[in-house]
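The following questions and answers concern the structure shown below.

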Amino acid sequence: MAGSQHLSADVLVVGAGGAGMYAALEAARRGAAVILADRSLIGRGGATVMAQMTVAVGLDDDGLDHWEHHYADTLKAGRGLCDPALAQLLCEEGPARIREMDAWGVGWARENGKVKRAFAPGHDRARCVYVDFLNTGPAVSKTLRARLNATPEIRRVGDLHVTSLAVQHGQCVGAVALHVPTGDVVSISSRATIVATGGLTRLYQRNSASLNMAGDGYALALAAGAELVDMEFVQFFPIGHLAPRLIGMDPIMWDPFRYKLGGRLLNGAREEFIHKYGGVDEGRYVTTRDLVTYAIVKEVAAGRGSPHGGAWLSFEHCSEEALRAAAGPVIDRLAANGIDLTRQAIEVAPIAHYHMGGVKADVRMATRVSGLFAAGDAVGGANGANRLSGNAITEALVFGARAGESAARFSNNEKAKADPSAFSVQTRALASGAPCGFNPAAGIEALQATMQLDVGPFRTEASLKRALERIADLRREAAPAKPPAGRPFDTALLDWLDLDTMTRVGEIVARTALARTESRGAHQREDFPGLDEERWHRNQVVTP
Ligand SMILES: Cc1cc2nc3c(=O)[nH]c(=O)nc-3n(C[C@H](O)[C@H](O)[C@H](O)COP(=O)(O)OP(=O)(O)OC[C@H]3O[C@@H](n4cnc5c(N)ncnc54)[C@H](O)[C@@H]3O)c2cc1C
């Protein structure tokens, strides 16, 4: 039988990536007692620590850029669907967050004393700051972890998997969670709660995600009464590694190579092809991600793919010196994998990488549920139908800081806090269950295959309806098979919880994709090519 524990805080932050850590720091700076909970290790789970290269920001110290230029590019990339207020917040406050991180010692790369900026696709000028080759996300996470260590007002609780939010009289009063190492059921009462749980790309078979990016925050917030927005827009990263086998390296590691060296993207016949789809490539890296994804998938579908079903990416025209100057020690790691870029092209193909949609929040990061806030990837709307590269970390830091500020203010004005009885229905639900023969891990694999095949970068009415049927079947099969809490490190229960969340969220992505009968940004309908401005120049909002 599951043990139980109760915790209490002014502000509960769920998720300790860049957004959650920044939110916790900001709330503590404003005097709140904070619990920062994560289903993984604090500051080491999720996407932030995996992010490799760049952070987009309109720094204006040298007169070369301004947040308004960044804002214009963000709106353009969003294909008319960005929430202008959120996009403005991201761009306008980006410089302050980047400077604050600088003061905290993140170590942005510099040239002649100035923060260095690189070009990235979709930006009208060099705008992307970075730390070092493949090291930006780890440096951001480490800097925030160091600040957390120096902030005793923040209680950090790792291995705490939040399974539901508690709502009383229309107000979010905390959460219920599974303590993974003990199997205990934990209730947490808080005056304000921030969902900073990251994205959903683990829903897909080919993804750049870590295990804890299953869309938890969307399911938690929706069940608590919040709205979701833009859920149909899943961004596929066009040049995820496909072949040959690559061990111990990130599947999206080719992006920095392309920023620095261009690289030639070729079809199976070794011909350049991006221009056929309206892009410009020719060894430069300027075409936006949605268009490159489209071009690769179309070439493969036309029988012009590389042997494993993607495209060739070739740096064979680059000298070893140029490669080493651009990639440094990464060249040795590639050599250990038997890859010599001067002699061979590698194969790449689109992988699910980012989700533009999420919890609907205003510029205070407040949802429509009193006391419930969101931050980072968990928030939808700022990036519209397509995200500019580098915008996601900026979004995490800016929205995190804003959510922390708003939650601290809210908690200051709230006197009462819920007692443990407010959580009894949810704690009982988590504790109870009946083991049976159902295998939730196999269920997750089935869901991921369905999402990849039928709700991937290219969708049709038939594929989306097929996906919805399969997801409904999976939910039916899984429903009676929930294992009870109470066992330490119960992977069957964790898989069941993930499958439950992933099928809920997958169903929403498929349903909103089916409704949007046009092609826009990251949402491409084969049966409805092109924009339908008259009917679809609008966001879809999902209500509970
Ligand atoms: C491989 C990779 C490379 C990337 N490169 C870049 C880049 O160069 N530039 C850029 O701008 N963006 C990049 N991104 C995107 C960017 O990293 C993310 O969008 C951003 O870091 C998200 O921050 P976050 O704090 O919102 O979420 P995350 O960093 O994902 O953190 C979410 C946290 O929530 C926790 N969590 C989830 N569910 C629960 C739950 N139920 N209970 C408790 N805790 C929970 C997770 O364990 C995790 O620690 C990259 C992403 C990936 C995957």
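Q: How far does a backbone N or O atom of A19 lie from an oxygen atom of the ligand?
A: The model is predicted, and its distances are computed from the coordinates. A polar contact requires a pair of N or O atoms within 3.5 Å. The pair formed by a backbone N or O atom of A19 and a ligand oxygen atom lies at 2.9 Å.

Q: What percentage of the area that the ligand exposes when taken alone does the protein buries?
A: Around the ligand there are 39 residues, of which D38, A47, T48, T54 and D216 come nearest. Taken alone, the ligand exposes 1,000 Å². The share of this area buried by the protein is 98%.

Q: What area is buried between domain 1 and domain 2?
A: Domain 1 spans 4-233 + 356-424, and domain 2 spans 242-352. Contact involves 19 residues of domain 1 and 22 residues of domain 2. Carbon and sulfur atoms give 62% of the buried area, which is about 1,800 Å².

Q: How many residue pairs are in polar contact across the interface of domain 1 and domain 2?
A: The side of domain 1 that touches domain 2 has eight nonpolar, eight polar and three charged residues. Between the two domains the count of salt bridges is zero. For polar contact, the number of residue pairs found across the interface is three.

Technical notes: Residues numbered from 1 in each chain as written. Predicted model: local features only at pLDDT ≥ 70, side-chain atom pairs only at ≥ 80, totals over all residues. Heavy atoms only, no water. Domains from an automatic or database assignment. Contact = heavy atoms within 4.5 Å. Buried area = accessible area lost by both parts, 1.4 Å probe. Salt bridge = Lys/Arg side-chain N within 4 Å of Asp/Glu carboxyl O. Polar contact = N/O pair within 3.5 Å; in protein donor to acceptor, adjacent residues only side chain to side chain. Nonpolar A, V, L, I, M, F, W, Y, C, P; charged D, E, K, R; others polar. Near = heavy atom within 4 Å. Areas by Shrake-Rupley, 256 points an atom, 1.4 Å probe, with all protein chains shown as cover.
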